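Q: Please give a close account of one chain of this model and of the contact it takes part in.

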Amino acid sequence: MSVGTAKHRELGLTDAEYERICELIEREPNGVELAMFSLLWSEHCAYKHSRKLLRRLPTEGERVVMGPGENAGAVDVGAGYAVAFKVESHNHPSAVEPFQGAATGVGGILRDVFALGARPIAVLDSLRFGELDSSRSRYLLDGAVRGIAHYGNSIGVPTVGGEIYFEGPYEQSCLINAMCVGLAKQSEMVRAAAAGVGNAVVIFGASTGRDGIGGASVLASAELDSEDDSKRPSVQIGDPFEESKLLECCLELLGEGLLVSLQDLGAAGLTSSAGEMASAGGVGIEIDVALVPLREDDMEPFEVMVSESQERMLAVVEPADVAAVLKRCEKWQVGGAAIGEVTGSGRFRVLRDGEEIGDVPVGALVDGCPLYDLEPAEPEGWIYPNRRTVSDDLDGAGLLGALLASPNIASKRWVYEQYDSIVGSRTVRRPGAADAAILQIPESGKAIAVAIDGNGRRVACDPYRGTVEAVLECAQNLACAGAEPLGLTNCLNFGNPEKPAPSWQLERSVSGLADACEALGVPVVGGNVSLYNEGSEGPIYPTPVVGMVGEMPSAEAAAAVGVGFAGSPVTDDRSRRDQTIALVGPFAPSLAGSELAKLRGELDAGLPGVEIGSVAAAIEVVREAVRSGSVASAHDVSDGGLACAIAECAIAGGVGCRVDLDPLVEARGGSGESALFGEGSGGFVLSGERSALEAIGDDGVEVLMIGEPGGEEIAIDAAELSLVLPLSKARRAWESLGELD
Amino acid sequence: MIWGVLQFPGSCDERDALHACSLAGEARMIWHEDRDLGDVDAVVVPGGFSYGDYLRAGAIARFSPAMEAVAELAAEGRPVLGICNGFQVLCEAGLLPGALLVNESVRFVCRQVELAVESSATPFTAALEAGRLLSVPVKHGEGRYFAPDDVLDEMVANGQVVFRYAPGQNPNGSACDIAGVCNEAGNVLALMPHPEHAVDPLTGSADGLLLFEGAARSLAA
């Protein structure tokens, strides 16, 4: 065996893939070329186990401005503006070094959005860790939250929402997914495709160093093991100040029309950015590594080509504009250099001081990687551990208290207060105030709502139904803010796709995602796949995370309705005291896959079916009710079931309630316990005047009057089980996450 | 009146400050390298992380050409408002006493707080009676006000403590609950909370607008 073939394995390529490369370039690759192939043919860059599946997702819609394939998706929000958004994972680096892993995750997704010419206006995060009683999980949580805060706060983009779950299967492989939302003038947006033979290729931003060499293949495309500390040098270091200057510089350059196309440098650095720009434009590209500004002057050419140094962008510029571009870089104290040109050859040539050191067809590099079919097999039953953490003898109030205090349900105030959620003056609803973050868009006179969701445990119970539920949950959250979905982005976090169970989960989950998006009429405008999230103890819960952007006619309408019940004698006048509480929607609770089943160690495979159409109908009437201002509060039923949703409304409103769930048990069956704590899609807790709530049912959507706000206790009757929990105790349980220090 | 808002590389809240100023006059951005402030009547040094603040918050920004011009403007008695990072910059520049240290929690904190007005003897607070509460957000990692005891005593005696956090709401461990201070002349005021993020009830509160309107009214008088 030759030296070359031994090396390809170290770089993560299979023998068959190596042979394929030799066929495509009609010889053996040299060292530089092999390094380039190994990264672009990694799972992270080539999506070789997921690309075929992703073709099932609906991507068209009349409001779509940019779809999958660009740096981020974008939807039309009127008045000549578009909202760009994307969610991306930074799981593997964060499991190795949580602060820098999470920080650079935020930095990377921001660059994806401003690469389109959109100013980032919001960040949301979806985080998963092992149980909080593990010191490793607390270390990862603390580091990740600090990292997100460090980057987002310093660059002046508000972190407006997100979600966190703590589950055993994430103990070894935490998930850090970050979503960025940006606003762009459509006339100033730019695509990533290189164009114009003879145009210059300009790199600008930070200089290129040895950090993150091989991150995409070493970290992101293989399972982690106990030797992970040795991978720390593969983790990139973030510099939000550098990115802040880069962001302003890019937006100025685009505003003045000085760039033909723009792309950020992320995984696989210059190789991937230049290769993908050339591939998208159907052109060739030449890069001279000697012209790239370096941090260390003894870097090897392959290191320059694959470095993942952060805060860099690559642009195609007309030769006459190069001087003006570099002048603008100087103003913002951002480094910049012309390092090559667009050619008509269809080849990716790498030079050093004008001498060729690599030459491969762009198509072979970017699209030549073999795509693999999955070999899925449904596992038998529940493949994850069960652990009981509540005692048998808890009564109804005790169960509600235990659920409210469960870290998955408890208030995350400790986390979100570490994030600047208001910079930019758009945040109409801050974290915790509504089911979705709400941002005003004075440029168009409207507002948008943004939410991110994905309960991996339920997807583990049933990958298809669990994923449908995640999409519905996200749409329900938007409905509670009065917003209509415009588009969806997703991050598919799964285990090793070469193993039968994770690949079965992935396939079923993508089917669910496709069906739910089609039924709701929401196009998928972008996304990201993160595979190999598993360690020696097995795979993570399959975790599709979906982020949605919705639109509402005005910020004022959204701001009038919150989570909390009206009727508090402290905060409301008399006219708002005669309030009724209603359960709206086809909610049919079941304990399967619920938070209570988890606390009891009774998780098992299987979830009840979801009728997407009837949930969609409920979503529509709730959205209209919130928009019209006819209801006082709206909150969707999710983790911990109806009892927890009601308790959250009571805590937020500062008022107790008296609720009777017998009508629910009579109408939908089940026990009192499942009515209280069962979970499922399609449930909304609304409060308001009785006549307004009754009117919601006129369209045929299920509405049950279940109680009234008032008093200092949460009192709920449900068939065989009744509970009374003082509001103060409920609040104490819900705020028990407190300070983790 | 004409407001100037400084913009350093790394500023975050300069556009928000510009918007707030525009609600109480004409407002323009001033690049950190501009030594000439033109015909501005008052300056806002905004929040953010000037030059990255990797050394010490505000330590580099104080040397910028624009800050030299601000020092001259302040010496002429014209209004200067520092917000958050702007407070840190003004302390580093010696235009205000004391310093801002890392929060007691050693964490960044973003939340709505109430401020009690302690002094009406600044152009920004001239129309606000002492004891009035304003609802304004804080968001900072280094906002714990510190000054030696003798300096604090002197500041209290001179009426230089302009805002305190309402009882029980001190978010960072500041000495004597101090949220904002002014110079002896009263024309240079700075505070850690963000009045520019409290100019519209839709985004939380409009109490911060009172400071901008107050300065405009004082100048017109």
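A: In this predicted model, chain B has 221 residues and a radius of gyration of 15 Å. A compact globule with 221 residues would have a radius of gyration near 17 Å, so the value for chain B agrees with that expectation. Along the principal axes, the C-alpha atoms of chain B fill a box of roughly 40 × 40 × 35 Å.

The secondary structure of chain B consists of 5 helices and 11 strands. Of its 221 residues, 59% count as buried. Among the contacts in chain B with a separation of 6 or more, 74% are accounted for by residues 24 or more positions apart.

Chain B also touches chain A, and 20 residues from chain B and 24 residues from chain A make up this contact. On the side of chain A that touches chain B, at least two residues each come from α8 (135–155), α10 (240–255), β14 (427–429) and α20 (555–559) of chain A. Sorted by class, that side of chain A has 11 polar, 9 nonpolar and 4 charged residues.

Leaving aside residues up to four places away in sequence, I646(A) touches C657(A), V659(A), V685(A), I714(A) and I716(A).

Conventions:
Residues are numbered from 1 along each chain as its sequence is written. Chains are lettered from A and ligands numbered from 1 in the order in which they are written. This is a predicted model: local features need pLDDT of at least 70, side-chain atom pairs count only at pLDDT 80 or more; totals for chains, interfaces and linings use all residues. Two residues are in contact if their C-beta atoms, placed from the backbone, lie within 7 Å. Helices (H or I, at least four residues) and strands (E, at least two) are DSSP runs, numbered from the N terminus. Ala, Val, Leu, Ile, Met, Phe, Trp, Tyr, Cys and Pro count as nonpolar, Asp, Glu, Lys and Arg as charged, and the others, Gly among them, as polar. The radius of gyration is taken over C-alpha atoms; the globule rule is 2.2 Å times the number of residues to the power 0.38. A residue is buried if 20 or more other C-beta atoms lie within 10 Å of its own, exposed if 12 or fewer, and partly exposed in between; C-beta atoms are placed from the backbone.
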